[in-house]
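Please walk through this model with the viewer open. Each stop gives a selection and then what is found there.

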Amino acid sequence: MTTISYPPKPSPGDRIAVISPGAGLPELFPRPFELGLERLREDYGLVPVEYPTTRKMGATPQERADDIHAAFADPGIKAVIASIGGDDQITVLPLLDRELIRANPKPFFGMSDNTNLLMYLRNTGIVGYHGATVMTALGRPVAMDQLTAESLWAALFTSGEYELGPADRWNDVNRDWADPATFEAKPETKPGTGWTWVNADRVVEGRSWGGCLEIVAWLLMADREISHDLSEYDGGVLLLETSEEMPSGEEVFRILRNMGERGLLQRFSALLMARAKTWSFEQPNSPEEGARYAAEQREAVLRAMRTYAPDTTIVFDVDYGHTDPQLVIPYGGLVRVDGPARRITVTY
């Protein structure tokens, strides 16, 4: 079993590495990136440090691995945060020096394609933090969502328990980052729907694992960073969320079915299923179409869980995925799911 521990936390005034281990989208869309850097400086009191590929599209896997190594090896850097996700971070993993990173543990913040690095860090014995990339959470037009901002502050600077809560309002419709008008008004939000609980008759506490469902599937296909000793995951809390590519309900079911056939799905005592993103520039769903998509995804998850893990506690619509707000969840850290009290508490 891997021994996993929390790395030392930064303090306001410390330097924080800002890297692009997935895609160097800050080169194409500097406005949300620079807004996010400004908030790291002004709202969190941190000093962001960029690297050669932070604003470089098309950087090679080796170049991105070099930036990761530089960020972790520098004793003056106290935490690391991703600019955004991407789609090929899996090619960076074989180039990483596990002993270098293990010898220099630091909090890493990211989600989506950064599931790759979060899983790598967990297997290296380091708790990471799922959520809050620079361009999305920190670069939100006009102001960060309050839930996101408070959760990120707690994850960055504090240790101990932190109770998550359902969002009063949320959003999953994006506006064009290339249009300056995007940053002149807050995103339009809609009323929250709360969490939906299944098998909520128990209290579960365990270490988290999972992330973006599509990335988890790719890692399973590549047989990379997935423990062959499945007891590693016994009693854990499974985190799953889907991206702006919006996989169909049937595809979600098939991925989960394959996880079940591998004997993986049934290892976890609880599943936190993030609120589904139901809109993208490629699929600009109406509210009605979005609601149908979310319902189809929920039914797909329930169908797989009824087959392979019927007793697992499930919480739907937790706000930590590709929607806004974006709560931060410790990856490999402790998560307590209290069904009778309808409460979720993480340990930062």
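In what order do the eight strands of the open sheet stand? The order is E6-E16-E15-E10-E11-E12-E13-E9, and the pairing is mixed. Two strands pair if DSSP finds at least two bridges between them; strands (E, at least two residues) and helices (H or I, at least four) are DSSP runs, numbered from the N terminus.

Before going on, two notes on the source. This is a predicted model, in which local features need pLDDT of at least 70 and side-chain atom pairs count only at pLDDT 80 or more, while totals for chains, interfaces and linings use all residues. Residues are numbered from 1 along each chain as its sequence is written, and side-chain values use heavy atoms, with hydrogens and water left out.

**Stop 1**

**Stop 2**

Select 270-274. Five of the five residues of E12 are buried, so the strand is largely enclosed by the rest of the structure. Buried means under 20% relative accessible area, exposed over 50%, and partly exposed in between (1.4 Å probe, protein chains only). Ala270, Leu272 and Ala274 point one way from E12, while Leu271 and Met273 point the other way.

E11 and E12 run parallel and are joined by four bridges. Opposite Leu271 in E12 stands Leu238. Between E11 and E12 the chain passes through helix H8 (residues 249-261), and this β-α-β crossover is right-handed. Right-handed means that, with the strands pointing away from the viewer, the path from the first strand over the helix to the second runs clockwise.

Five bridges pair E12 with E13 in the parallel sense. Leu272 has Val315 in E13 as its bridge partner.

**Stop 3: an antiparallel pair**

Select 203-212 and 334-338. Strands E10 and E15 pair in the antiparallel sense over five bridges. Glu205 stands opposite Arg336 in E15.

**Stop 4: the pockets**

Rolling a probe the size of a water molecule over the atoms shows where empty space is left. Here a pocket is an open set of points on a 1 Å grid over the protein atoms alone, where a 1.4 Å probe fits, with protein on both sides within 12 Å along at least five of seven lines; lining residues have an atom within 4 Å of a point.

Select Thr136, Asn174, Trp177, Glu244 and Lys277. Among the 46 residues that line the largest pocket, these lie nearest its centre. The volume of the largest pocket is about 1200 Å³, where a volume is the space filled by probe spheres set on grid points joined across faces, edges and corners. Its lining has 16 nonpolar, 16 polar and 14 charged residues. Ala, Val, Leu, Ile, Met, Phe, Trp, Tyr, Cys and Pro count as nonpolar, Asp, Glu, Lys and Arg as charged, and the others, Gly among them, as polar. Helices H5 (134-138) and H7 (213-222) each supply at least two residues of this lining.

The second largest pocket holds about 420 Å³ of space. Select Trp170, Thr278, Gly290, Ala291 and Ala294, the closest to its centre of the 23 residues that line it. H9 gives the largest share of the lining of the second largest pocket, seven residues.

**Stop 5: backbone details in loops**

Select Asp324 and Pro325. A cis peptide bond joins them, with omega about 10 degrees. Pro325 is in the loop between E13 and strand E14 (329-331).

Go to Val142, in the loop between H5 and helix H6 (146-157). Val142 is not a glycine, yet has a positive phi of about 70 degrees. Val142 counts as partly exposed, at 43% relative accessibility.

End at Arg342, in the loop between E15 and strand E16 (343-347). Arg342 also has a positive phi, near 55 degrees.
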